[in-house]
Amino acid sequence: RLGTFFIVTHKWCAMNCLYCGGCRQAQQKTFNREHVYRRGVREVRQDIMEAKPYASTLMFEFDIPDKNLREYCRQIWEGIDLTGHYCIFSTLEPPSAALIELVSQTFNYVYWDFDICTPSERHRNQLYTLGLVKPQPSDEDILDFMDRCEKYQNLEVRLNIITGLPYFTPGDIEPGERLLSKIMTDYTCFSELHWARLHAQPGAPVTGDAGKYEM
(Lines give C-alpha, C1' and ligand atoms only; values in the text may rest on other atoms or scores of the structure.)
Protein backbone atom coordinates (compact mmCIF):
# COMPACT_ATOMS: atom_id res chain seq x y z
CA ARG A 1 0.00 0.00 0.00
CA LEU A 2 0.97 3.58 -0.55
CA GLY A 3 0.99 6.24 2.16
CA THR A 4 -1.73 8.73 3.08
CA PHE A 5 -4.86 9.47 1.05
CA PHE A 6 -6.84 12.62 1.90
CA ILE A 7 -10.60 12.07 1.85
CA VAL A 8 -12.35 15.30 0.85
CA THR A 9 -15.58 15.81 2.84
CA HIS A 10 -16.25 19.51 2.28
CA LYS A 11 -15.17 22.65 0.48
CA TRP A 12 -14.93 26.27 1.63
CA CYS A 13 -14.13 27.59 5.08
CA ALA A 14 -16.25 29.80 7.30
CA MET A 15 -13.18 31.09 9.15
CA ASN A 16 -11.00 34.05 8.21
CA CYS A 17 -7.65 33.22 9.84
CA LEU A 18 -5.20 36.03 9.11
CA TYR A 19 -2.45 33.71 7.78
CA CYS A 20 -4.47 31.26 5.68
CA GLY A 21 -4.74 31.35 1.90
CA GLY A 22 -7.82 29.13 2.09
CA CYS A 23 -9.75 31.42 4.43
CA ARG A 24 -13.27 32.73 3.82
CA GLN A 25 -12.02 35.96 2.24
CA ALA A 26 -9.74 34.15 -0.21
CA GLN A 27 -12.39 31.55 -1.09
CA GLN A 28 -14.93 34.26 -1.85
CA LYS A 29 -12.48 36.24 -3.98
CA THR A 30 -11.02 33.27 -5.88
CA PHE A 31 -14.00 30.91 -6.26
CA ASN A 32 -17.01 33.12 -5.42
CA ARG A 33 -17.98 30.62 -2.73
CA GLU A 34 -20.39 31.90 -0.10
CA HIS A 35 -21.26 28.76 1.84
CA VAL A 36 -19.67 25.54 3.02
CA TYR A 37 -20.33 22.66 0.65
CA ARG A 38 -20.50 19.26 2.32
CA ARG A 39 -20.17 16.20 0.13
CA GLY A 40 -22.83 13.57 0.38
CA VAL A 41 -22.35 10.34 2.30
CA ARG A 42 -22.53 8.18 -0.83
CA GLU A 43 -19.82 10.16 -2.64
CA VAL A 44 -17.46 10.08 0.35
CA ARG A 45 -18.02 6.35 0.89
CA GLN A 46 -17.14 5.73 -2.75
CA ASP A 47 -13.84 7.58 -2.31
CA ILE A 48 -13.03 5.56 0.80
CA MET A 49 -13.72 2.25 -0.92
CA GLU A 50 -11.68 3.25 -3.99
CA ALA A 51 -8.71 4.40 -1.87
CA LYS A 52 -8.81 1.58 0.66
CA PRO A 53 -6.83 -1.03 -1.33
CA TYR A 54 -4.01 1.41 -2.12
CA ALA A 55 -3.57 3.61 0.97
CA SER A 56 -2.48 2.50 4.43
CA THR A 57 -3.64 5.77 6.01
CA LEU A 58 -6.82 7.79 5.41
CA MET A 59 -6.92 11.45 6.40
CA PHE A 60 -10.07 13.31 7.44
CA GLU A 61 -10.16 17.01 8.24
CA PHE A 62 -13.29 18.77 9.49
CA ASP A 63 -12.70 22.51 9.70
CA ILE A 64 -16.36 23.45 10.01
CA PRO A 65 -18.58 23.51 13.13
CA ASP A 66 -20.83 20.46 13.15
CA LYS A 67 -22.84 19.15 16.09
CA ASN A 68 -23.71 16.02 14.07
CA LEU A 69 -20.16 15.12 13.05
CA ARG A 70 -20.22 11.77 14.83
CA GLU A 71 -23.31 10.70 12.90
CA TYR A 72 -21.80 11.86 9.60
CA CYS A 73 -18.64 9.84 10.29
CA ARG A 74 -20.68 6.80 11.29
CA GLN A 75 -22.52 6.95 7.98
CA ILE A 76 -19.42 7.31 5.79
CA TRP A 77 -17.65 4.40 7.55
CA GLU A 78 -20.51 2.03 8.35
CA GLY A 79 -20.07 -1.41 6.81
CA ILE A 80 -16.55 -0.68 5.49
CA ASP A 81 -13.83 -2.65 7.27
CA LEU A 82 -11.11 -0.14 8.16
CA THR A 83 -9.64 -2.01 11.11
CA GLY A 84 -6.46 -2.61 9.13
CA HIS A 85 -5.96 1.07 8.32
CA TYR A 86 -4.40 4.05 10.04
CA CYS A 87 -6.22 7.35 10.33
CA ILE A 88 -5.20 10.99 10.59
CA PHE A 89 -8.11 12.96 12.00
CA SER A 90 -8.64 16.61 12.90
CA THR A 91 -11.61 18.74 13.89
CA LEU A 92 -12.30 22.45 14.29
CA GLU A 93 -13.55 22.05 17.86
CA PRO A 94 -12.66 19.64 20.70
CA PRO A 95 -14.41 16.38 19.77
CA SER A 96 -16.99 14.64 21.90
CA ALA A 97 -16.16 11.48 23.82
CA ALA A 98 -18.54 9.58 21.50
CA LEU A 99 -16.71 10.76 18.36
CA ILE A 100 -13.31 9.83 19.77
CA GLU A 101 -14.63 6.37 20.64
CA LEU A 102 -16.06 5.89 17.13
CA VAL A 103 -12.81 6.87 15.40
CA SER A 104 -10.75 4.66 17.71
CA GLN A 105 -13.01 1.65 17.16
CA THR A 106 -13.12 2.12 13.38
CA PHE A 107 -9.38 2.25 12.68
CA ASN A 108 -6.36 0.20 13.68
CA TYR A 109 -4.51 3.31 14.86
CA VAL A 110 -5.38 7.01 15.02
CA TYR A 111 -3.22 10.12 14.84
CA TRP A 112 -5.36 12.98 16.15
CA ASP A 113 -4.15 16.38 14.97
CA PHE A 114 -5.36 19.14 17.28
CA ASP A 115 -4.74 22.82 16.54
CA ILE A 116 -4.40 25.08 19.57
CA CYS A 117 -2.91 27.99 17.63
CA THR A 118 -0.82 29.21 20.58
CA PRO A 119 -0.14 27.67 24.02
CA SER A 120 -1.32 30.77 25.92
CA GLU A 121 -5.05 30.80 26.66
CA ARG A 122 -5.07 34.60 26.94
CA HIS A 123 -3.40 34.90 23.53
CA ARG A 124 -5.84 32.41 21.95
CA ASN A 125 -8.82 34.34 23.32
CA GLN A 126 -7.54 37.68 22.07
CA LEU A 127 -6.85 36.39 18.56
CA TYR A 128 -10.30 34.79 18.35
CA THR A 129 -12.06 37.85 19.77
CA LEU A 130 -10.41 39.97 17.08
CA GLY A 131 -11.59 37.52 14.40
CA LEU A 132 -8.06 36.55 13.37
CA VAL A 133 -8.25 32.79 14.01
CA LYS A 134 -10.86 30.05 14.16
CA PRO A 135 -12.65 29.24 17.47
CA GLN A 136 -10.13 28.33 20.13
CA PRO A 137 -10.38 25.87 23.03
CA SER A 138 -9.71 26.89 26.61
CA ASP A 139 -6.96 25.19 28.62
CA GLU A 140 -9.72 23.20 30.33
CA ASP A 141 -11.11 22.09 26.95
CA ILE A 142 -7.64 20.94 25.85
CA LEU A 143 -7.01 18.94 29.03
CA ASP A 144 -10.50 17.41 28.87
CA PHE A 145 -9.74 16.29 25.32
CA MET A 146 -6.44 14.77 26.45
CA ASP A 147 -8.24 12.96 29.27
CA ARG A 148 -10.64 11.38 26.77
CA CYS A 149 -7.85 10.33 24.41
CA GLU A 150 -5.81 8.83 27.25
CA LYS A 151 -8.36 6.00 27.51
CA TYR A 152 -7.36 4.52 24.13
CA GLN A 153 -4.15 2.63 23.44
CA ASN A 154 -4.48 2.95 19.66
CA LEU A 155 -4.69 6.75 19.64
CA GLU A 156 -2.07 9.48 19.90
CA VAL A 157 -2.37 13.25 19.88
CA ARG A 158 -0.25 15.67 17.88
CA LEU A 159 -0.62 19.33 18.91
CA ASN A 160 -0.14 22.08 16.33
CA ILE A 161 0.90 25.64 17.17
CA ILE A 162 2.14 28.69 15.24
CA THR A 163 4.91 30.95 16.48
CA GLY A 164 5.06 34.63 15.56
CA LEU A 165 1.34 35.40 15.77
CA PRO A 166 0.52 39.04 16.54
CA TYR A 167 -0.25 40.41 20.02
CA PHE A 168 1.91 37.86 21.85
CA THR A 169 3.28 39.31 25.10
CA PRO A 170 6.03 38.26 27.55
CA GLY A 171 3.24 37.39 29.98
CA ASP A 172 2.05 34.64 27.64
CA ILE A 173 5.28 32.66 27.92
CA GLU A 174 4.89 31.16 31.41
CA PRO A 175 1.24 29.99 31.16
CA GLY A 176 1.94 28.50 27.72
CA GLU A 177 4.96 26.62 29.01
CA ARG A 178 2.96 25.41 32.01
CA LEU A 179 0.21 23.97 29.80
CA LEU A 180 2.62 22.23 27.43
CA SER A 181 4.68 20.87 30.32
CA LYS A 182 1.59 19.32 31.91
CA ILE A 183 0.52 17.71 28.64
CA MET A 184 3.97 16.31 27.91
CA THR A 185 4.36 14.99 31.47
CA ASP A 186 0.91 13.65 32.31
CA TYR A 187 -0.36 12.08 29.09
CA THR A 188 1.05 9.01 27.41
CA CYS A 189 -1.22 9.63 24.39
CA PHE A 190 0.70 12.82 23.59
CA SER A 191 3.23 12.15 20.83
CA GLU A 192 4.36 15.33 19.09
CA LEU A 193 4.32 19.11 19.18
CA HIS A 194 4.17 20.42 15.62
CA TRP A 195 5.07 24.07 15.35
CA ALA A 196 5.58 26.37 12.42
CA ARG A 197 6.70 29.95 12.02
CA LEU A 198 3.99 32.33 10.92
CA HIS A 199 3.93 32.57 7.14
CA ALA A 200 1.45 34.44 5.00
CA GLN A 201 -0.04 32.32 2.25
CA PRO A 202 -1.23 33.95 -1.00
CA GLY A 203 -4.64 35.46 -0.39
CA ALA A 204 -4.31 35.52 3.41
CA PRO A 205 -5.65 38.70 5.07
CA VAL A 206 -2.24 39.57 6.53
CA THR A 207 -0.73 39.83 3.03
CA GLY A 208 -3.05 42.72 2.19
CA ASP A 209 -2.60 44.85 5.28
CA ALA A 210 0.15 43.77 7.67
CA GLY A 211 -0.01 47.14 9.43
CA LYS A 212 -3.56 46.39 10.56
CA TYR A 213 -2.14 43.60 12.71
CA GLU A 214 0.78 45.68 13.97
CA MET A 215 3.19 43.56 11.92
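Predicted model: local features only at pLDDT ≥ 70, side-chain atom pairs only at ≥ 80, totals over all residues.
Residues are numbered from 1 along each chain as its sequence is written. Local features need pLDDT of at least 70 and side-chain atom pairs pLDDT 80 or more, while totals for chains, interfaces and linings use all residues, and side-chain values use heavy atoms, without hydrogens or water.

I start with the largest pocket, whose volume is about 810 Å³. A pocket here is an open set of points on a 1 Å grid over the protein atoms alone, where a 1.4 Å probe fits, with protein on both sides within 12 Å along at least five of seven lines; lining residues have an atom within 4 Å of a point. The volume is the space filled by probe spheres set on the points, which are joined across faces, edges and corners.

Which residues lie nearest its centre? They are Tyr 19, Cys 20, Asp 63, Asp 115 and Lys 134, out of 35 lining residues. Strand β8 gives the most to this lining, four residues (strands are DSSP E runs of at least two residues, helices H or I runs of at least four, numbered from the N terminus).

The second largest pocket holds about 210 Å³ of space. It is lined by 14 residues, with Thr 118, Pro 119, Ile 161, Thr 163 and Phe 168 closest to its centre. Both β7 and α7 (173-186) give two or more residues to that lining.

Now helix α7 again. Its axis and that of α6 (residues 139-149) come within 11 Å and cross at roughly 5 degrees. Axes are lines fitted to C-alpha atoms over the stretch in contact, and angles run from 0 to 180 degrees between N-to-C directions. The two helices, α6 and α7, are therefore roughly parallel (angles under 35 degrees). In the contact (heavy atoms within 4.5 Å), Asp 139, Ile 142, Leu 143 and Met 146 of α6 meet Leu 179, Lys 182 and Ile 183 of α7.

Definitions and conventions: Parallel < 35°, antiparallel > 145°, perpendicular 65-115°, else oblique.
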